Amino acid sequence: MAHPLSKIRLFAGLSDEQLDAIEGAGERRKYAAGDTLFTEGEEGTHVYCLVSGRVELSVAMSDQTEQVPVHVATVGSVFGEFVLFEQRPRSATARAVRGAHVLAVTAEDMHAAFVADPAAGYVVMHNLCNILVERMRKTTGELRASLMW
């Protein structure tokens with residue numbers, strides 16, 4: 001049977017033993033539809049890996065009265081990952097669209113796992129770079145399309 005974290009894109013290429021170590025460093029959390037995982041502007045502490053369900057990421061408009069959806073995370077997605085690089089306020093709000101199960105890992109615990117197993121750390125960071133590049137290309141395409149209306 002496949003490891004529960006094997007469907008998380010961030011962890012593609014890791015062995016079951018490496019996945020066990022990451023899972024042990026994290027905390028499994030359940031959210032009901034409408035629950036907020038984190039709010040734009042609050043301090044980020046965890047990276048989230050979506051094991052089941054859907055999570056909507058939204059940003060506040062400049063007048064702060066309206067949240068605009070910018071992405072829907074599906075099974076296998078990672079979000080809140082900026083915390084691995086910098087300690088800054090969250091850039092979006094995350095809410096469960098329907099029941100969601102996540103693995104939440106603090107940046108500190110993720111870094112400790114990378115120190116304990118540098119090969120796993122390399123694979124995860126390589127995967128994260130691929131994910132971020134894909135997102136930048138998608139955003140650039142959407143911006144280009146909006147400018148050409």
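1. A residue is called buried when its relative accessible area is under 20%, exposed when that area is over 50%, and partly exposed in between. The model under review is predicted. Glu-23, at 22% relative accessibility, therefore counts as partly exposed.

2. Glu-23 is paired with Arg-28 in a salt bridge, in which the closest N and O atoms lie 2.8 Å apart. Arg-28 has a relative accessible area of 41% and is likewise partly exposed. A search of the whole structure gives 6 salt bridges.

3. Another of these pairs joins the side chains of Arg-29 and Glu-27, with 3.4 Å from N to O. Arg-29 counts as buried because its relative accessibility is 19%, whereas Glu-27, at 40%, is partly exposed.

4. A further salt bridge connects Arg-9 and Glu-134, whose closest N and O atoms are 3.0 Å apart. This pair links distant parts of the chain: Arg-9 belongs to the segment before helix H1 (16–25), Glu-134 belongs to helix H3, and the two are 125 residues apart. Arg-9 is partly exposed at 38% relative accessibility, and Glu-134 is partly exposed with a relative accessible area of 45%.

5. Leu-143, Leu-147 and Met-148 make a nonpolar surface patch of about 370 Å². Met-148 is placed in the segment after helix H3 (118–147). Its relative accessibility is 64%, so Met-148 counts as exposed.

Conventions: Residues are numbered from 1 along each chain as its sequence is written. This is a predicted model: local features need pLDDT of at least 70, side-chain atom pairs count only at pLDDT 80 or more; totals for chains, interfaces and linings use all residues. Side-chain values use heavy atoms; hydrogens and water are left out. Patches are made of residues with over 30% relative accessible area and no salt bridge: like charges are joined within 9 Å, nonpolar side chains (Val, Leu, Ile, Met, Phe, Trp, Tyr) within 5 Å. Accessible areas come from the Shrake-Rupley method with a 1.4 Å probe; for residues, only the protein chains shown count as cover. A salt bridge is a side-chain nitrogen of Lys or Arg within 4 Å of a carboxyl oxygen of Asp or Glu. Helices (H or I, at least four residues) and strands (E, at least two) are DSSP runs, numbered from the N terminus. Buried means under 20% relative accessible area, exposed over 50%, partly exposed in between (1.4 Å probe, protein chains only).
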